[in-house]
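Hi,

Here is the structure I said I'd pass on. Have a look at it first, then read my notes below.

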Amino acid sequence: MDIRYVIAHGTYGTVYRGTYDNQDVAVKLLDWGEDGMNTGAQNAALRASFRQEVAVWHKLDHPNVTKFVGASMGTSNLKIPSKNPSIDGHNSLPSRACCVVVEYLPGGTLKQFLIRNRRKKLAFKVVVQLALDLSRGLSYLHSKKIVHRDVKTENMLIDANRTLKIADFGVARVEAQNPGDMTGETGTLGYMAPEVLDGKPYNRRCDVYSFGICLWEIYCCDMPYPDLSFADVSSKVVRQNLRPEIPRCCPSGLASIMRKCWDANADKRPEMDEVVRMLEAIDTSKGGGMIPDDQTSGCFCFATARGP
């Protein structure tokens, strides 16, 4: 396997681009803290996280889930580009390093794609297609009793055909039979369901909530709560039912899905397979996309005109 250069720094490690068996791959190396920064307990937790990720990922096969190629624990003969290059510009890995190898997707993350389209926004057909890709991938995970627990636009990748695929199973968990077994703040703040923020037991419906936030983000090509602090978001989402503001130009069918998905009551949120059906029923032939920034005076489109 040939590892070439860094493409991302994730929660649990560094991702490199490389080639394996003549295919383009992404290689995720877990940061072990072999430099002595981590305690033994922290390293044990990292190894457990690695085993969990591999256990989840290697069983999955779906067009909207990043394909797993392989994994290795205790790999020391890989050459990785060095931050402080030696003569040959490479470092060997620590003897107990671990890596996960998955297909490489050239389109980058969904977040990057949305940022690139922040000014001109996305055509409504593209919004619904991306939402369908994500909802189908999540529906598949849930059918396998897997809760992703960190659904956000940074964890979605796009291939050369603009197909969206779910990635980063670092915190995914096979759904507990007893909901009390799944607690703790896991996920990323703006996308986290109230029950997760509040430290209460949760289930796969926390992914449905996060999907609702992602759907808003895909439509608006904007970030939720950009001006609020960590503490403000936490308390307002839980105590004041804070949600992103849906633009008036958003077609009612899509707005309805957002609201259903981010309902404060997890039991009232639809299952992801229901979300797929609702999205499939939306008519995209008449436009309805977000109005581009240069066609409206503000971020939110209060004009009566329809978008692209």
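Eight helices and 11 strands make up the secondary structure of the protein. Keep in mind that this is a predicted model. The chain has 308 residues, and 52% of them count as buried. If you take the contacts between residues at least 6 apart in sequence, 62% of those join residues at least 24 apart.

Now for the inside. In soluble globular proteins, nonpolar side chains tend to be buried together. Here, the largest nonpolar core has 72 residues. Leu110, Leu122, Phe211, Tyr219, Leu254, Met258 and Leu279 are the ones with the most contacts inside that core.

Setting aside neighbours within four places in sequence, what is Phe211 in contact with? The list includes Ala131, Leu134, Ser135 and Leu138, and also Ile257, Cys261, Met272 and Leu279. There is also a second, separate core of seven residues, and Ile3, Val25, Cys99 and Val101 are among them.

One more residue to look up is His148, which sits in the loop between β8 (146–147) and β9 (156–158). Is His148 buried or exposed? It counts as buried, because its relative accessibility is 0%.

Cheers

Technical notes
Residues are numbered from 1 along each chain as its sequence is written. This is a predicted model: local features need pLDDT of at least 70, side-chain atom pairs count only at pLDDT 80 or more; totals for chains, interfaces and linings use all residues. Side-chain values use heavy atoms; hydrogens and water are left out. Helices (H or I, at least four residues) and strands (E, at least two) are DSSP runs, numbered from the N terminus. Buried means under 20% relative accessible area, exposed over 50%, partly exposed in between (1.4 Å probe, protein chains only). Contact means heavy atoms within 4.5 Å. A nonpolar core is a set of buried Ala, Val, Leu, Ile, Met, Phe, Trp, Tyr and Cys residues joined through side-chain atoms within 4.5 Å.
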